[in-house]
Amino acid sequence: MLPSDLTSLATFLAVAEERSFTRAAKRRGVSPSAISHAMRTLEEELGVRLLARTTRSVALTQAGEQLVERLKPALTDVGQALDDIAGQRSRPGGRVRLLVPRLAVSSVLAPRLGILNSKYPDIVLDVTTDDSRRDIVADGFDAGVHFGEYIEKDMIAVRVSPDQRPAIVGSPGYFRSHPKPKEPRDLLQQQCINFRHGAAGLYRWEFEKGKKAISVGVTGPLIVDDLGLVLRAALDGVGLAFVAETEVSDYLAKGTLLRVLQDWCQPYPGFFLYYPSRRQQPASLTFLISVLRL
């Protein structure tokens, strides 16, 4: 059985080592009467006398000696465990579970993995790539990454990418057999590559121009959930693709992809790392944020 207050065991150990209520009280930062009350309560709960005391001295009974023999190493182990856990507040080590959409892997995470490992080699980054908007607390993640517009207001968000801008792109070969769309509704007559965002389903292409906003449910010969496959299909002339400008800048510069509807593609909030609270934040998460944030 355990006493109702484990503090009383630590107090008993202090009395046993000091052989004095007065010295034990000074060590514990309480009054001698509080020590006396705690010992009396502990003995009553256990139903065994642990201390033989007079006005001049305090000695252990046989039961008290047996308890000290078992209690001292146990409390030492507990204290060490608590010190180790408390040390995580300042030591850059341990595991961080991170939920990241695949769209953010190449632009946010991959370029900074080397920096994270070189600066904080004892941090273990446990990454799950998933495009669905999961509950990071319920699913046991320390933090997540997503577009700013999708992050719940009760989360703390830290920017980890600049604002992004969409680009509608197709290959020169595609445009040799298809007219270039002049406005978003023209996409309904185009072959488009659809992207599936996990459980959220197919993404409707969103556009803004001045005060006008429109979303278009495009159709085409391909539905994928991998950005690399979207780019490969666009380069091969399968259809038009809706991608981030940063993902296709090299292709646009080389002319292997051409851009359309540029005046309808306005910037939108980029990626943010988000987590539920700053209270007792693990050091490993703090250092991860320092590497990823802009």
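User: At what angle do helix α8 and helix α9 pack, and how far apart are their axes?

Analyst: Two packed helices are described by the angle between their axes and the distance between those axes. In this predicted model, local features need pLDDT of at least 70 and side-chain atom pairs count only at pLDDT 80 or more, while totals for chains, interfaces and linings use all residues. Residues are numbered from 1 along each chain as its sequence is written, and side-chain values use heavy atoms, with hydrogens and water left out. Here helix α8 (residues 227-235) and helix α9 (residues 245-254) pack at an angle of about 30°, with their axes 12 Å apart. The two helices are therefore roughly parallel to each other, a label given to angles under 35 degrees.

User: Which residues make the contact between α8 and α9?

Analyst: Contact means heavy atoms within 4.5 Å. Leu227, Leu231 and Leu235 of α8 meet Glu247, Val248 and Tyr251 of α9.

User: How many residues of strand β5 are buried?

Analyst: Buried means under 20% relative accessible area, with a 1.4 Å probe and protein chains only. In strand β5 (residues 143-147), 5 of the 5 residues are buried, so the strand is largely enclosed by the rest of the structure.

User: Which strands pair with β5, and in what sense?

Analyst: Two strands pair if DSSP finds at least two bridges between them. Strand β3 (residues 94-100) runs parallel to β5 and is joined to it by 2 bridges, whereas β5 and strand β14 (residues 271-275) pair in the antiparallel sense over 4 bridges. Gly144 of β5 is the bridge partner of Leu99, and the bridge partner of Gly144 in β14 is Tyr274.

Key. Axes fitted to C-alpha atoms, helices over the stretch in contact; angles between N-to-C directions. Parallel < 35°, antiparallel > 145°, perpendicular 65-115°, else oblique. Buried < 20%, exposed > 50% of the residue type's maximum accessible area, 1.4 Å probe, protein only.
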